[in-house]
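Open the model in your viewer and keep the selection panel at hand. We will go stop by stop.

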Amino acid sequence: MASKANKPELIVGGKRLDGRAFDELRPIKIEAGVLKNADGSAYIEQGNNKILAAVYGPKEVFPKHDADPTKAIIRCKYSMAPFSSLEGHGRSGPNRRAIEISKVIREAFENVVLLEEFPNNEIDIFIEILQGDGGTRAAGLTAASVALASAGIPMKDLIYAVSAGKIGEEVVLDFNMIEDNYSDADMPIAIAPRNNEVLLLQMDGSLTKQQFEKAVDLVIGAGKKISAIQKDALREVYAKIERKYENKE
Amino acid sequence: MKSIVVPGEQIPGNVKSGNVYVEEGKAYATVLGLYDEEGKRIITLEGAWNPKMDETVVGIVQEAGRNNSYTIDLSSFRRGVLLLGKFSKAEFKVGDVVEALVDRVNGKKEVILSNPRLLRGGVVIKIKPTKIPRVLGKANTMAKQISELTRCDLVVGSNGIIWVRGENTALAISAILRIESDAHVSGLTEKIKEMLVNNTTKRS
């Protein structure tokens with residue numbers, strides 16, 4: 001496990017272990033509408049992360065005493081598959097970590113989904129980590145956002161999340177698993193790109209004020225790329241069908 | 001000209017109503033949809049059914065209660081309720097397919113139905129409720145075309161359930177399912193006509 005004693009050299013010759021620059025994202029691929037049975041779904045690959053997100057609803061709340069007569073409620077379940085990573089994740093049901101992540105993701109979405117349109121209803125979000133390689137809560141949230149849009153749920157914005165942090169004194173974007181384990185600070189941030197509102201911010205370790213500001217700048221800069229990929233994924237579902245006709249003619 | 005918009009995307013120009021979020025005088029889309037510049041509106045591509053008065057719906061009788069009252073499955077999170085009263089002659093059994101009009105939605109989000117009509121025989125298919133306007137077409141042209149070319153009776157419920165009965169139900173269903181998946185393509189009526197004509201002539 002991670003400790004100071006066996007910490008590997010994370011930055012070699014000004015580059016990170018996987019050859020990325022400090023402000024470089026891992027390659028991201030998003031596909032929308034992958035699950036036929038769900039009302040909305042998305043699949044994301046961010047580096048070695050492979051994550052499925054599915055959305056069901058709006059539907060009647062069960063048990064009924066959980067229902068809110070003024071607005072819809074969101075239920076979110078983040079879970080790691082037993083085969084998702086090297087450690088013992090997901091082998092004995094939801095653990096404290098999974099429950100916490102489910103809660104913070106739910107709260108991020110409660111700020112953007114127009115819940116008042118569906119009183120007495122619930123919207124279910126499922127995030128299943130098939131393969132985890134660091135930054136899964138951020139990638140899961142990015143995918144869930146696309147899944148919500150593809151379910152036709154009204155939202156103020158298509159939100160994204162990505163982590164930033166510190167290795168030594170360098171501020172670095174989008175940690176992978178090994179950087180996450182040995183880094184000096186790790187900070188996942190979710191942002192609504194329309195007005196750069198922060199919807200989720202957690203931090204392990206410590207950052208100075210300057211480092212914090214730099215980290216937020218990196219996240220917002222990278223967010224433009226992530227947002228574009230999210231929008232392309234949603235448009236691609238329909239563009240695919242249009243291309244079918246163009247080829248025929 | 002229609003273009004696809006995603007939640008949070010700023011809408012150029014103004015929108016008459018619905019599916020937008022206004023902040024500081026600028027309109028942003030709230031749903032995944034098609035922005036129709038001429039109609040100044042956003043047509044949703046996905047999402048749940050929103051009942052409106054006097055819409056036709058098709059449902060399946062789920063439960064028969066006292067005083068000729070029925071619970072109707074509308075394949076939605078909203079339950080359909082049919083209250084006929086003891087003086088009504090109409091009577092339904094559980095499992096019957098019923099066509100009815102939306103009267104109102106009550107406080108419990110139940111859809112109160114009126115003017116029920118029993119649909120005998122036939123096949124029931126479910127599609128996404130957002131695609132129903134496309135299945136009907138402008139002034140019902142699309143639905144009429146399918147029904148004439150396949151010699152089928154169609155009842156299109158705005159809740160996403162369609163009842164089909166007639167000579168060539170298989171063709172009618174495949175046409176409807178194609179409209180569901182290709183709803184955003186322009187000039188679809190002509191393309192569906194071509195498909196229907198080709199398939200019917202081949203057989204005879």
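Across which strands of chain B does helix α2 (residues 141-150) of chain B lie? Select the helix and look: α2 of chain B lies across β12 and β13 of chain B. Its direction is about 155° to β12(B). Keep in mind that this is a predicted model.

Three strands form an open sheet in chain B, ordered β11-β13-β12, with antiparallel pairing. β11 (123-126) and β12 (152-156) of chain B are at the edges; each has a single partner strand, so one side of each lacks a neighbour in the sheet. From one strand to the next, the twist averages 20°.

Zoom in on β11(B) and strand β13 (residues 161-166) of chain B. Four bridges join these antiparallel strands. Pick B:V123: its bridge partner in β13(B) is B:V164.

Zoom out and colour chain B by domain: domain 1 is 2-44, domain 2 is 56-119 and domain 3 is 123-203. The centres of domain 2 and domain 3 of chain B are 25 Å apart. Each of these two domains gives ten residues to their contact. On the domain 2 side, β6 (56-64) and β9 (97-105) of chain B each give two or more residues. β6(B) has the largest share, four residues. That side has five nonpolar, four polar and one charged residues.

Last stop: chain A. Select helix α2 (residues 136-150) of chain A. 15 of its 15 residues are buried, so the rest of the structure largely encloses α2(A). Just after α2(A), A:G152 has a positive phi of about 75°.

Terms used: Residues are numbered from 1 along each chain as its sequence is written. Chains are lettered from A and ligands numbered from 1 in the order in which they are written. This is a predicted model: local features need pLDDT of at least 70, side-chain atom pairs count only at pLDDT 80 or more; totals for chains, interfaces and linings use all residues. Domain bounds come from an automatic or database domain assignment. Two residues are in contact if their C-beta atoms, placed from the backbone, lie within 7 Å. Ala, Val, Leu, Ile, Met, Phe, Trp, Tyr, Cys and Pro count as nonpolar, Asp, Glu, Lys and Arg as charged, and the others, Gly among them, as polar. A residue is buried if 20 or more other C-beta atoms lie within 10 Å of its own, exposed if 12 or fewer, and partly exposed in between; C-beta atoms are placed from the backbone. Two strands pair if DSSP finds at least two bridges between them. Axes are lines fitted to C-alpha atoms, for helices over the stretch in contact, and angles run from 0 to 180 degrees between N-to-C directions.
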